[in-house]
Amino acid sequence: FFEWLVDIGNRWVVNLGISVGEETIPFMVIILLGTGIFLTLRLGFIQLRRLGHGFGVTSGKYDDPEEPGDVSHFQALTTALSATVGIGNIAGVALAIHWGGPGALFWMWVTAFLGMATKYTEVTLSQKYRNIEATTGKAWEGTVSGGPMYYIERGLGPSWKWMAVLFAILLGLTAFLTGNAIQANTVADTMLNTFNISKPVTGIATSLVIAAVILGGITRIGKVTSILAPFMAAVYV
């Protein structure tokens with residue numbers, strides 16, 4: 001089944017594109033970079049103009065405990081980074097340089113620069129159309145839900161609810177496969193080859209540690225990632 005899914009992905013996402021000479025530029029690359037270019041121009045190079053303000057927000061300069069939300073600005077950043085800097089940033093970069101040479105690194109920088117405008121747009125929409133469930137009559141004491149599935153329905157209107165539902169389903173599948181399966185397998189494989197610890201033992205231990213964090217909700221996740229993510233980023237660099 002998974003081989004069938006990968007085959008469909010390669011056929012419709014990777015291989016389908018526009019031919020330029022002997023090469024084919026995938027439509028997915030065109031759509032992602034095209035969106036980044038459009039948003040960069042439309043927002044007036046927001047990733048440069050407001051970079052200083054972004055650092056100010058992250059550092060806690062604008063933190064207000066009375067504002068609605070479950071985590072601080074810094075915890076929100078580290079939670080996002082904990083899911084961003086992973087196997088793809090290590091193995092993916094190595095593979096890109098292997099197949100494309102050092103020049104691949106330059107184009108990854110260009111892509112990342114354009115992606116900053118896309119990420120800014122995603123986060124802004126998520127904040128604007130998020131849902132706050134008040135549990136005690138005070139909004140900031142309730143839980144907050146947000147993301148593309150919310151701003152698709154609320155921003156585009158009820159007629160687009162089907163896309164919001166589809167996105168939520170596909171995101172769930174992605175979280176289990178690329179967000180968990182690949183990471184867990186890499187950890188288990190490394191522990192087996194380096195310390196000769198069996199994969200089931202690693203899997204059980206990893207699950208228990210992760211469960212202790214996740215079951216505490218976004219508040220506990222934010223507290224843990226605010227400690228681990230800076231250390232992880234330093235080791236990565």
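Reader: Among contacts in the protein between residues at least 6 apart in sequence, what percentage join residues at least 24 apart?

Author: The model is predicted, so local features need pLDDT of at least 70, side-chain atom pairs count only at pLDDT 80 or more, and totals for chains, interfaces and linings use all residues. Residues are numbered from 1 along each chain as its sequence is written, and side-chain values use heavy atoms, with hydrogens and water left out. A contact means heavy atoms within 4.5 Å. Of the contacts between residues at least 6 apart in sequence, the share that joins residues at least 24 apart is 48%.

Reader: How many helices and strands does the protein have?

Author: Helices (H or I, at least four residues) and strands (E, at least two) are DSSP runs, numbered from the N terminus. The C-alpha trace spans about 60 × 50 × 40 Å along its principal axes. The secondary structure comes to 11 helices and four strands.

Reader: What percentage of the residues of the protein count as buried?

Author: Buried means under 20% relative accessible area, exposed over 50%, and partly exposed in between, with a 1.4 Å probe and protein chains only. Of the 237 residues, the buried share is 13%.

Reader: Is threonine 202 buried or exposed?

Author: Threonine 202 belongs to helix 10, residues 199–214. Leaving aside neighbours within four places in sequence, threonine 202 is in contact with Val187, Ala188, Met191 and Ile197. Because its relative accessibility is 6%, threonine 202 counts as buried.

Reader: Which residues gather in a patch of negative charge on the surface?

Author: Lys and Arg count as positive and Asp and Glu as negative, while His and the chain ends are not counted. Patches are made of residues with over 30% relative accessible area and no salt bridge, with like charges joined within 9 Å and nonpolar side chains (Val, Leu, Ile, Met, Phe, Trp, Tyr) within 5 Å; a salt bridge is a side-chain nitrogen of Lys or Arg within 4 Å of a carboxyl oxygen of Asp or Glu. One of the members, glutamate 67, is partly exposed at a relative accessible area of 47% and lies in the loop between helix 4 (51–58) and helix 5 (73–84). The negative patch is formed by Asp63, Asp64, Glu66 and Glu67.

Reader: What is the phi of phenylalanine 45?

Author: Phenylalanine 45 is placed in the loop between helix 2 (27–42) and helix 3 (46–49). At 36% relative accessibility, the residue counts as partly exposed. Although phenylalanine 45 is not a glycine, its phi is positive, at about 55°.

Reader: Is asparagine 196 buried or exposed?

Author: Asparagine 196 sits in the loop between helix 9 (161–195) and helix 10. Its phi is positive, about 60°, although asparagine 196 is not a glycine. Because its relative accessibility is 63%, asparagine 196 counts as exposed.

Reader: What distance separates the C-alpha atoms of glycine 60 and glycine 86?

Author: Glycine 60 lies in the loop between helix 4 and helix 5 and is partly exposed, with a relative accessible area of 25%. Glycine 60 and glycine 86 are 26 residues apart along the chain, and their C-alpha atoms are separated by 25 Å.

Reader: What distance separates the C-alpha atoms of leucine 215 and tyrosine 62?

Author: Leucine 215 is placed in the loop between helix 10 and helix 11 (217–236). With a relative accessible area of 73%, leucine 215 is exposed. Leucine 215 and tyrosine 62 are 153 residues apart along the chain, and the separation of their C-alpha atoms is 29 Å.

How values were computed
Accessible areas come from the Shrake-Rupley method with a 1.4 Å probe; for residues, only the protein chains shown count as cover. The place of a charge is taken as NZ of Lys, CZ of Arg, CG of Asp or CD of Glu.
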